[in-house]
Amino acid sequence: MKAGVFLMRVAVVGAGYVGLVSGICFAAQGKQVTCIDVNKEKIVSLQQGICTIFEPKLGELLIEQLATQRIRFVYEWPDKLDIDLVMIGVGTPSRPDGSADLSNVFAVVLELASRLKSGVVICTKSTVPVGTGEAIKQLLSEMGRDDLHVTSAPEFLREGSAVEDTLRPSRLIFGAESQEGFQTLRELYGSTDAPIIECDRRTAEMIKYASNAFLATKISFINEIANICDLVNTDVSLVAKGMGYDTRIGESFLRAGLGYGGSCFPKDTRALVNIAGELDYDFKLLKAVIEINSHQRLLPLRQLREWYEDLKDKIIVLYGIAFKPGTDDTRETPALELVKALIEEGAHVRLCDPVVKRFVIPEIGEMSVMDDAILASKGAHAIILVTEWREFIELDWKLLRTQTESPFLFDGRNVLDPKIIADAGFILSSIGRATTRVPMGVV
Ligand code: NAD
Ligand code: UGA
């Protein structure tokens, strides 16, 4: 019987949203974990029990698991890694042409080749194009390491509920080409009730992209419906509710708004278009999904242009910089394009978020982020709610109205109660809820 059955030793490479959460949860499930990241500052914080990302329950679990000594964090590769399985969770960002940049993944494989004993299972958790597992196998083979098992177990966690999703996954996908590969993955997730699909590596890699692309498609679809609802004077929230009761459609991911952001949907949809394009397949539907999403983000700007002749020197306050509530992640946040466009039109942009502390836009520099919405809104000519943090929904809107110069309020997530907002003296504009739309030309 393998030693790993009793105390599985796991290395996780990359201590970001996926790697850190996976590593800490594996430790909580009794595995012995080494978490490796090249970012020294991150690792030193983690060694001290300071959680480097905002993620519910993660900070407490980190402290607990450090105390059990089942997890350790290192920024330098140990000479040898005495482990049963290594999970790769490094970033796979977009290249300028939309394809996934795999340089981090291959850099890790090069490090692993000289450090692993025979029979170890390498598992990619990072989202990687179809065929990456084969390319890793090929690289290892060229280095004389045909004795390692290369597998794929794509990750489906959502930021904001990453711990919960990791401990209770919706499903597990194991892509492998050897029985040892499947067996070690089964042992890793031994205690789960989640449905498991065992398949070849390429299928596992494809399932991940297809899942994210489908969810992004649902969002762009409902946003198109919302834009039509505006024209035909109906409420998209009720339309989505009515659709969602049909179990074939389902209610989730039908919230109209300023579109999807984050570190995954934008990059993964671009990567899948690129994967198809490389094979001379024109993925028209997904291209449209991406285009609709870019268009959606700028809806408040179009509304503002009808409200004010000129945005020069107007104070515009954005509520919410995180790409969604429950996270401090601002990667590809819907706020980004909006901020850039407003600044380009000469507006003074103020940012407010309960969790995000700094926001850097490469072309503009670092922008300060306030956490007090009332203070941030003093003298405002417009407020745009970008992220539906509870802290914003529950604001004292009457008090807020006493601070703002103008009653313009754009609810980019359809979460504010039109009656409360109207009673407070704001004129509310939202997405696909035509009844509460800003009357054009009113100042
Ligand atoms: P992240 O940027 O938060 O973390 C990646 C970490 O990898 C960083 O800390 C970085 O320093 C480290 N790293 C980079 N190169 C390294 C190397 N050569 N050696 C060691 N460490 C290295 O990224 P993330 O959000 O955790 O995403 C990681 C992967 O998981 C991506 O492929 C992403 O698409 C996928 N994914 C992410 C999520 C999510 O919700 N964030 C969900 C599912 C899948
Ligand atoms: C998403 C997927 O939900 C995860 O399953 C996947 O693992 C992850 O991407 C990934 O591959 O990284 P995440 O990006 O954390 O997770 O967040 P979601 O909750 O999916 O939201 C993504 C974006 O869509 C957010 O900007 C959110 O505001 C937007 N959204 C979501 C809508 O506009 N409408 C909706 O109905 C739902």
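Predicted model: local features only at pLDDT ≥ 70, side-chain atom pairs only at ≥ 80, totals over all residues.
The largest cavity has a volume of about 50 Å³, the volume being the space filled by probe spheres set on grid points joined across faces, edges and corners. A cavity here is a set of points on a 1 Å grid, over the protein atoms alone, where a 1.4 Å probe fits but cannot get out. By this rule, the count comes to one cavity of 30 Å³ or more.

Residues are numbered from 1 along each chain as its sequence is written, and side-chain values use heavy atoms, without hydrogens and water.

Then there is the sheet, open and seven-stranded, which runs β11-β12-β10-β9-β13-β14-β15 with mixed pairing. Strands (E, at least two residues) and helices (H or I, at least four) are DSSP runs numbered from the N terminus, and two strands pair if DSSP finds at least two bridges between them. β11 (358-361) and β15 (427-429) sit at the edges with a single partner strand each, so one side of each has no neighbour in the sheet. β11 pairs with β12 (residues 365-370) in the antiparallel sense, over four bridges; Phe359 has Met367 in β12 as its bridge partner.

Across β9 (315-319), β13 (382-385), β14 (408-411) and β15 lies helix α12 (residues 299-307), contact meaning heavy atoms within 4.5 Å.

Notes
Chains lettered and ligands numbered in written order. Axes fitted to C-alpha atoms, helices over the stretch in contact; angles between N-to-C directions. 1 Å grid on protein atoms, 1.4 Å probe; cavity = no way out; pocket = protein on both sides within 12 Å on 5 of 7 lines; lining within 4 Å.
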